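Subject: Structure handover

Hello,

Here is the structure I promised to pass on. Please open it and keep it beside you while you read my notes.

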Amino acid sequence: MLPVLLAFVAVVVLFTLGIRWGVVIIGKVLGKVIDERHHHAEYITTTGQVPEAWTRPYFKQIVALQATQGLEPAARERRIARLESQARRRSLKGIDDLLRYFARAPVFADDHSRRVLMEQLEAARETWREHLRNQG
């Protein structure tokens with residue numbers, strides 16, 4: 001009987017520690033995600049530009065393509081154009097995600113603050129879309 005009771009206590013302790021550890025890890029991950037969203041929103045509203053983190057992977061690939069030897073120039077340009085298009089889509093998706101987040105996030109002192117941020121982000125999105133229309 002004692003071994004069963006000890007096994008039960010051990011399982012309960014391990015389960016409790018596992019839950020605690022999981023909550024801490026999830027809290028850190030969510031904290032980082034929320035911090036990035038707020039940082040990106042601040043960057044967009046102060047500069048009007050796309051956060052570099054959103055487009056960096058695409059432009060790294062473009063730089064690598066430009067340095068690739070033995071690739072036909074036409075094929076290189078097609079690949080670069082495709083990566084630039086993906087970077088533009090990622091930028092618009094990113095700002096749309098921010099708009100959805102801030103539309104429902106409980107981080108504002110009042111509704112006026114939420115409206116101001118939303119208007120600034122929507123204005124940036126429209127500016128980016130207009131810029132993309134003129135490019136493509």
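**What I found**

Arg115 counts as partly exposed because its relative accessibility is 45%. The scale is this: buried means under 20% relative accessible area, exposed means over 50%, and partly exposed is in between (1.4 Å probe, protein chains only).

Two notes before the rest. This is a predicted model, in which local features need pLDDT of at least 70, side-chain atom pairs count only at pLDDT 80 or more, and totals for chains, interfaces and linings use all residues. Residues are numbered from 1 along each chain as its sequence is written, and side-chain values use heavy atoms, with hydrogens and water left out.

**Salt bridges**

Side chains of opposite charge can pair when their charged atoms come close. A salt bridge here is a side-chain nitrogen of Lys or Arg within 4 Å of a carboxyl oxygen of Asp or Glu. How many salt bridges does the structure hold? There are eight.

Start with Asp111 and Arg115. Their side chains meet in a salt bridge, 3.8 Å from N to O. They sit four residues apart in helix H4, so about one helical turn separates them. Helices are DSSP runs (H or I, at least four residues), numbered from the N terminus.

Asp111 also has a salt bridge with Arg114, again 3.8 Å from N to O. These two are three residues apart in helix H4, which means a separation of about one helical turn. Is Arg114 buried or exposed? Arg114 counts as buried, at 19% relative accessibility.

Now look at Arg129. It forms a salt bridge with Asp96, and the closest N and O atoms are 3.5 Å apart. Arg129 is partly exposed, with a relative accessible area of 29%.

**How the helices pack**

Two packed helices are described by the angle between their axes and the distance between the axes. Axes are lines fitted to C-alpha atoms, for helices over the stretch in contact, and angles run from 0 to 180 degrees between N-to-C directions.

Take H3 (residues 73–104) and H4 (residues 111–135). They pack at about 165°, with axes 10 Å apart. They are therefore roughly antiparallel, a label for angles over 145 degrees. Residues of H3 that meet H4 include Leu92, Ile95 and Phe102. On the H4 side, Leu121 and Trp128 are among them. Contact means heavy atoms within 4.5 Å. The residues of this contact divide into 12 nonpolar, two polar and seven charged. Ala, Val, Leu, Ile, Met, Phe, Trp, Tyr, Cys and Pro count as nonpolar, Asp, Glu, Lys and Arg as charged, and the others, Gly among them, as polar.

H2 and H3 pack at about 175°, and their axes are 8 Å apart. H2 and H3 are therefore roughly antiparallel too. The residues of their contact divide into 10 nonpolar, six polar and four charged.

Thr55 is in helix H2 (residues 52–67). Thr55 counts as buried, at 12% relative accessibility. Leaving aside neighbours within four places in sequence, Thr55 is in contact with Val50, Ala87 and Ser91.

Lys28 lies in helix H1 (residues 2–47). Lys28 counts as exposed, at 59% relative accessibility. The C-alpha atoms of Lys28 and Phe102 are 20 Å apart, and these residues are 74 apart along the chain.

Best wishes

Key: Angles under 35 degrees count as roughly parallel, over 145 as roughly antiparallel, 65 to 115 as roughly perpendicular and the rest as oblique.
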